[in-house]
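Please read these notes with the structure open beside you. They go through it piece by piece.

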Amino acid sequence: MLSVEAVSKTFGGVQALRNASLSCAAGEILGLIGPNGAGKSTLVNAISGVLKPDAGRVRLEGKDITGRGPEFCARAGIGRTFQTIRLFKDLTVRQNVEVAHITCRAVRPDVAERIDIDRLLAQYELDGVAHALAGTLSYGSQRRLEIARALALGPALLLLDEPAAGLNENESEVLAIAIEGIRQDVGCATIVIDHDLRFINRLCDRLCVMDQGQVIMSGETSEVWRDPRVVEVYVGQSQPA
Ligand SMILES: Nc1ncnc2c1ncn2[C@@H]1O[C@H](COP(=O)(O)OP(=O)(O)OP(=O)(O)O)[C@@H](O)[C@H]1O
Ligand SMILES: [Mg+2]
(Lines give C-alpha, C1' and ligand atoms only; values in the text may rest on other atoms or scores of the structure.)
(Ligands and ions follow the chains in the order given, each with its own letter.)
Protein backbone atom coordinates (compact mmCIF):
# COMPACT_ATOMS: atom_id res chain seq x y z
CA MET A 1 0.00 0.00 0.00
CA LEU A 2 2.72 2.45 1.11
CA SER A 3 6.32 1.84 0.21
CA VAL A 4 9.13 4.19 1.24
CA GLU A 5 12.37 3.35 -0.49
CA ALA A 6 15.77 4.66 0.68
CA VAL A 7 14.61 8.21 1.41
CA SER A 8 17.26 10.74 2.44
CA LYS A 9 16.94 14.37 3.53
CA THR A 10 19.53 16.87 4.73
CA PHE A 11 18.80 20.20 6.44
CA GLY A 12 21.93 22.34 6.23
CA GLY A 13 24.54 20.14 7.88
CA VAL A 14 22.03 17.80 9.55
CA GLN A 15 21.24 14.54 7.81
CA ALA A 16 17.72 13.98 9.09
CA LEU A 17 17.04 10.87 6.96
CA ARG A 18 19.59 8.34 5.66
CA ASN A 19 18.24 5.77 3.22
CA ALA A 20 15.11 5.29 5.34
CA SER A 21 12.81 2.55 4.05
CA LEU A 22 9.53 1.14 5.33
CA SER A 23 6.27 -0.30 4.11
CA CYS A 24 2.75 -0.34 5.47
CA ALA A 25 -0.16 -2.49 4.28
CA ALA A 26 -3.86 -1.61 4.19
CA GLY A 27 -5.47 -2.41 7.53
CA GLU A 28 -2.14 -2.41 9.32
CA ILE A 29 -1.19 -0.19 12.27
CA LEU A 30 2.54 0.51 12.12
CA GLY A 31 4.34 2.23 15.01
CA LEU A 32 7.22 4.55 14.10
CA ILE A 33 9.41 5.00 17.15
CA GLY A 34 12.86 6.24 18.10
CA PRO A 35 14.55 8.90 20.22
CA ASN A 36 14.11 12.67 19.82
CA GLY A 37 15.64 13.85 16.56
CA ALA A 38 15.69 10.33 15.03
CA GLY A 39 13.88 11.60 11.92
CA LYS A 40 10.33 10.29 12.53
CA SER A 41 8.49 13.54 11.76
CA THR A 42 10.78 14.23 8.82
CA LEU A 43 9.91 10.82 7.37
CA VAL A 44 6.18 11.44 7.80
CA ASN A 45 6.63 14.88 6.22
CA ALA A 46 8.36 13.25 3.25
CA ILE A 47 5.53 10.70 2.90
CA SER A 48 2.79 13.37 3.05
CA GLY A 49 4.48 15.73 0.60
CA VAL A 50 5.20 18.42 3.20
CA LEU A 51 8.86 18.19 2.25
CA LYS A 52 10.70 16.89 -0.75
CA PRO A 53 13.32 14.18 -0.14
CA ASP A 54 16.82 14.66 -1.59
CA ALA A 55 16.83 11.02 -2.70
CA GLY A 56 14.62 7.94 -2.58
CA ARG A 57 11.04 7.16 -3.53
CA VAL A 58 7.62 7.22 -1.90
CA ARG A 59 4.99 5.02 -3.54
CA LEU A 60 1.30 4.86 -2.68
CA GLU A 61 -0.51 1.86 -4.15
CA GLY A 62 2.40 1.48 -6.55
CA LYS A 63 2.21 5.07 -7.77
CA ASP A 64 5.27 7.29 -7.38
CA ILE A 65 4.21 10.34 -5.31
CA THR A 66 7.70 11.50 -4.30
CA GLY A 67 7.91 15.26 -3.74
CA ARG A 68 4.45 15.94 -5.21
CA GLY A 69 3.46 18.37 -2.43
CA PRO A 70 0.89 18.24 0.41
CA GLU A 71 -2.20 19.00 -1.67
CA PHE A 72 -1.43 16.29 -4.17
CA CYS A 73 -0.84 13.81 -1.34
CA ALA A 74 -4.09 14.79 0.42
CA ARG A 75 -5.99 14.26 -2.82
CA ALA A 76 -4.24 10.92 -3.25
CA GLY A 77 -5.73 9.87 0.11
CA ILE A 78 -3.03 10.63 2.68
CA GLY A 79 -4.61 12.04 5.85
CA ARG A 80 -2.40 13.23 8.67
CA THR A 81 -2.09 15.02 11.97
CA PHE A 82 0.88 17.14 13.02
CA GLN A 83 3.19 16.96 16.03
CA THR A 84 2.36 20.62 16.61
CA ILE A 85 -1.36 20.95 15.99
CA ARG A 86 -2.18 22.69 12.70
CA LEU A 87 -5.89 23.42 12.46
CA PHE A 88 -7.70 26.19 10.61
CA LYS A 89 -8.07 28.06 13.89
CA ASP A 90 -10.43 30.74 12.56
CA LEU A 91 -12.84 28.23 11.06
CA THR A 92 -15.39 26.38 13.14
CA VAL A 93 -14.89 22.78 14.16
CA ARG A 94 -17.43 21.62 11.58
CA GLN A 95 -15.85 23.75 8.84
CA ASN A 96 -12.43 22.20 9.53
CA VAL A 97 -13.92 18.78 8.89
CA GLU A 98 -15.94 20.00 5.89
CA VAL A 99 -12.83 21.34 4.12
CA ALA A 100 -11.28 17.87 4.16
CA HIS A 101 -14.56 16.29 3.07
CA ILE A 102 -14.80 18.66 0.09
CA THR A 103 -11.32 17.55 -1.00
CA CYS A 104 -12.41 13.93 -0.76
CA ARG A 105 -15.62 14.63 -2.73
CA ALA A 106 -13.61 16.21 -5.53
CA VAL A 107 -11.36 13.23 -6.10
CA ARG A 108 -13.11 10.18 -4.65
CA PRO A 109 -16.86 10.88 -4.50
CA ASP A 110 -17.68 7.24 -3.77
CA VAL A 111 -15.53 7.35 -0.61
CA ALA A 112 -16.90 10.78 0.39
CA GLU A 113 -20.44 9.43 0.08
CA ARG A 114 -19.79 7.01 2.93
CA ILE A 115 -18.49 9.68 5.31
CA ASP A 116 -21.06 11.22 7.64
CA ILE A 117 -19.67 14.44 9.14
CA ASP A 118 -22.16 14.57 12.01
CA ARG A 119 -21.33 10.98 12.95
CA LEU A 120 -17.62 11.78 12.80
CA LEU A 121 -18.07 14.81 15.07
CA ALA A 122 -20.07 12.74 17.55
CA GLN A 123 -17.52 9.91 17.48
CA TYR A 124 -14.75 12.33 18.42
CA GLU A 125 -16.90 14.10 21.05
CA LEU A 126 -16.96 17.29 19.01
CA ASP A 127 -20.71 17.50 18.34
CA GLY A 128 -21.24 19.87 21.29
CA VAL A 129 -18.63 22.32 19.96
CA ALA A 130 -19.32 21.96 16.21
CA HIS A 131 -19.91 25.71 15.83
CA ALA A 132 -17.05 26.90 18.04
CA LEU A 133 -13.90 28.26 16.41
CA ALA A 134 -11.25 25.54 16.34
CA GLY A 135 -8.69 27.83 17.99
CA THR A 136 -10.86 28.17 21.09
CA LEU A 137 -10.97 24.43 21.86
CA SER A 138 -9.05 22.72 24.65
CA TYR A 139 -5.83 20.94 23.70
CA GLY A 140 -7.41 17.47 23.90
CA SER A 141 -10.35 18.54 21.71
CA GLN A 142 -7.98 20.07 19.14
CA ARG A 143 -6.11 16.76 18.96
CA ARG A 144 -9.41 14.90 18.40
CA LEU A 145 -10.43 17.43 15.75
CA GLU A 146 -7.18 16.88 13.85
CA ILE A 147 -7.98 13.16 13.67
CA ALA A 148 -11.63 13.77 12.67
CA ARG A 149 -10.44 16.14 9.93
CA ALA A 150 -7.93 13.57 8.64
CA LEU A 151 -10.71 10.96 8.54
CA ALA A 152 -13.06 13.27 6.59
CA LEU A 153 -10.54 12.95 3.78
CA GLY A 154 -11.45 9.25 3.54
CA PRO A 155 -7.78 8.33 3.89
CA ALA A 156 -6.13 5.32 2.30
CA LEU A 157 -3.16 6.13 4.54
CA LEU A 158 -3.42 7.85 7.92
CA LEU A 159 -0.32 9.39 9.54
CA LEU A 160 -0.55 10.33 13.22
CA ASP A 161 2.44 12.25 14.62
CA GLU A 162 2.36 11.90 18.42
CA PRO A 163 -1.43 11.75 18.82
CA ALA A 164 -1.15 10.72 22.49
CA ALA A 165 1.26 13.53 23.46
CA GLY A 166 -0.14 15.45 26.41
CA LEU A 167 -2.93 12.95 27.04
CA ASN A 168 -3.31 11.13 30.35
CA GLU A 169 -3.38 7.34 30.58
CA ASN A 170 -7.15 7.14 30.38
CA GLU A 171 -7.33 9.50 27.38
CA SER A 172 -4.56 7.51 25.64
CA GLU A 173 -6.53 4.31 26.10
CA VAL A 174 -9.67 5.94 24.64
CA LEU A 175 -7.55 7.14 21.70
CA ALA A 176 -6.05 3.66 21.14
CA ILE A 177 -9.57 2.20 20.98
CA ALA A 178 -10.59 4.94 18.51
CA ILE A 179 -7.59 4.18 16.25
CA GLU A 180 -8.45 0.48 16.28
CA GLY A 181 -11.99 1.49 15.32
CA ILE A 182 -10.58 3.42 12.34
CA ARG A 183 -8.80 0.28 11.17
CA GLN A 184 -12.11 -1.58 11.26
CA ASP A 185 -14.31 1.15 9.75
CA VAL A 186 -11.97 2.66 7.18
CA GLY A 187 -9.48 -0.18 6.61
CA CYS A 188 -6.71 2.31 5.89
CA ALA A 189 -3.02 1.81 6.52
CA THR A 190 -2.08 3.71 9.68
CA ILE A 191 1.32 4.93 10.86
CA VAL A 192 1.52 6.17 14.44
CA ILE A 193 4.49 8.02 15.93
CA ASP A 194 4.61 8.25 19.71
CA HIS A 195 7.02 8.25 22.63
CA ASP A 196 4.45 6.55 24.88
CA LEU A 197 5.65 2.97 24.44
CA ARG A 198 2.79 1.46 26.41
CA PHE A 199 0.36 3.13 23.96
CA ILE A 200 2.48 2.03 20.96
CA ASN A 201 2.97 -1.58 22.07
CA ARG A 202 -0.72 -2.01 22.84
CA LEU A 203 -1.82 -0.57 19.51
CA CYS A 204 0.66 -1.54 16.79
CA ASP A 205 0.95 -4.74 14.75
CA ARG A 206 4.46 -3.88 13.64
CA LEU A 207 7.11 -1.37 14.66
CA CYS A 208 9.74 0.52 12.73
CA VAL A 209 12.55 1.82 14.90
CA MET A 210 14.53 4.88 13.80
CA ASP A 211 17.82 6.22 15.09
CA GLN A 212 19.92 9.03 13.60
CA GLY A 213 17.90 9.17 10.40
CA GLN A 214 17.98 5.44 9.73
CA VAL A 215 15.37 2.73 10.11
CA ILE A 216 17.38 0.32 12.22
CA MET A 217 14.73 -2.38 12.66
CA SER A 218 11.25 -3.27 11.41
CA GLY A 219 9.20 -6.22 12.50
CA GLU A 220 6.35 -7.49 14.62
CA THR A 221 6.05 -5.56 17.87
CA SER A 222 7.20 -8.36 20.20
CA GLU A 223 10.02 -9.37 17.86
CA VAL A 224 11.38 -5.81 17.68
CA TRP A 225 11.75 -5.55 21.47
CA ARG A 226 13.87 -8.72 21.48
CA ASP A 227 16.46 -7.06 19.22
CA PRO A 228 19.52 -5.87 21.18
CA ARG A 229 20.02 -2.84 18.85
CA VAL A 230 16.57 -1.57 19.72
CA VAL A 231 17.11 -2.07 23.43
CA GLU A 232 20.42 -0.21 23.12
CA VAL A 233 18.76 2.79 21.44
CA TYR A 234 16.29 2.90 24.31
CA VAL A 235 18.76 2.48 27.17
CA GLY A 236 18.52 5.61 29.26
CA GLN A 237 15.20 6.41 27.63
CA SER A 238 11.69 5.15 28.37
CA GLN A 239 11.78 1.41 28.99
CA PRO A 240 9.53 -0.80 26.88
CA ALA A 241 6.31 -1.90 28.57
N1 LIG B 1 12.98 22.15 9.08
C2 LIG B 1 14.14 21.74 9.64
N3 LIG B 1 15.26 22.48 9.55
C4 LIG B 1 16.43 22.06 10.09
N5 LIG B 1 16.58 20.90 10.77
C6 LIG B 1 15.49 20.13 10.90
C7 LIG B 1 14.22 20.50 10.35
N8 LIG B 1 13.33 19.51 10.64
C9 LIG B 1 14.00 18.59 11.34
N10 LIG B 1 15.30 18.96 11.50
C11 LIG B 1 16.33 18.16 12.18
O12 LIG B 1 16.29 16.86 11.63
C13 LIG B 1 16.48 15.88 12.66
C14 LIG B 1 15.26 14.97 12.72
O15 LIG B 1 14.16 15.72 13.22
P16 LIG B 1 12.70 15.12 13.38
O17 LIG B 1 11.82 16.25 13.79
O18 LIG B 1 12.33 14.38 12.16
O19 LIG B 1 12.89 14.08 14.57
P20 LIG B 1 11.80 13.26 15.39
O21 LIG B 1 12.24 11.84 15.36
O22 LIG B 1 10.44 13.57 14.90
O23 LIG B 1 12.02 13.83 16.86
P24 LIG B 1 10.94 14.10 18.05
O25 LIG B 1 10.70 12.76 18.68
O26 LIG B 1 11.65 15.02 18.96
O27 LIG B 1 9.72 14.70 17.43
C28 LIG B 1 16.72 16.65 13.94
O29 LIG B 1 18.12 16.79 14.11
C30 LIG B 1 16.07 17.99 13.66
O31 LIG B 1 16.69 19.02 14.41
MG1 LIG C 1 8.77 14.42 15.68
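The numbered points below cover a sheet, a ligand shell, a helix and a strand.

1. Keep in mind throughout that this is a predicted model. Local features are taken from parts with pLDDT of at least 70.

2. Start with the open sheet. It is formed by 4 strands in the order β2-β1-β4-β5, and the pairing is antiparallel. β2 (14–24) and β5 (63–64) are the edge strands, and each pairs on one side only. As background, strands of a sheet pair through backbone hydrogen bonds, in either a parallel or an antiparallel manner.

3. Within this sheet, look at the pair β1 and β4. Strand β1 covers residues 2–11 and strand β4 residues 55–60; they run antiparallel and are joined by 5 bridges.

4. Which element gives the largest share of the shell around ligand 1? It is α1, with 3 residues. Both β2 and α1 supply at least two residues of this shell. The residues around ligand 1 include Phe11, Val14, Ala16, Lys40, Ser41, Thr42 and Gln83. Sorted by class, the shell has 4 nonpolar, 7 polar and 1 charged residues.

5. Helix α6 (residues 139–151) has 13 residues. From its first C-alpha to its last it reaches 19 Å, close to the 18 Å expected at 1.5 Å a residue.

6. Is α6 mostly covered or mostly uncovered? It is mostly covered, with 10 of its 13 residues buried. Among the buried residues are Arg143, Arg144, Glu146 and Arg149, as well as Leu145, Ile147 and Leu151. The buried residues of α6 pack against β6 (78–80), α3 (93–107), α5 (117–123), β7 (157–161) and α7 (169–186).

7. Why is β7 described as largely enclosed by the rest of the structure? The reason is that 5 of its 5 residues are buried. Both of its faces are covered: Leu157, Leu159 and Asp161 are buried on one side, and Leu158 and Leu160 on the other.

8. Finally, look at the strands that pair with β7. β6 and β7 run parallel and are joined by 3 bridges; Gly79 has Leu158 in β7 as its bridge partner. β7 also pairs in the parallel sense with strand β8 (residues 189–193), over 5 bridges. There, Leu160 stands opposite Val192 in β8.

Terms used. Residues are numbered from 1 along each chain as its sequence is written. Chains are lettered from A and ligands numbered from 1 in the order in which they are written. This is a predicted model: local features need pLDDT of at least 70, side-chain atom pairs count only at pLDDT 80 or more; totals for chains, interfaces and linings use all residues. Two strands pair if DSSP finds at least two bridges between them. A residue is near a molecule or strand if its C-beta atom, placed from the backbone, lies within 6 Å of it. Ala, Val, Leu, Ile, Met, Phe, Trp, Tyr, Cys and Pro count as nonpolar, Asp, Glu, Lys and Arg as charged, and the others, Gly among them, as polar. The expected span of a helix is 1.5 Å times one less than its number of residues. A residue is buried if 20 or more other C-beta atoms lie within 10 Å of its own, exposed if 12 or fewer, and partly exposed in between; C-beta atoms are placed from the backbone. Two residues are in contact if their C-beta atoms, placed from the backbone, lie within 7 Å.
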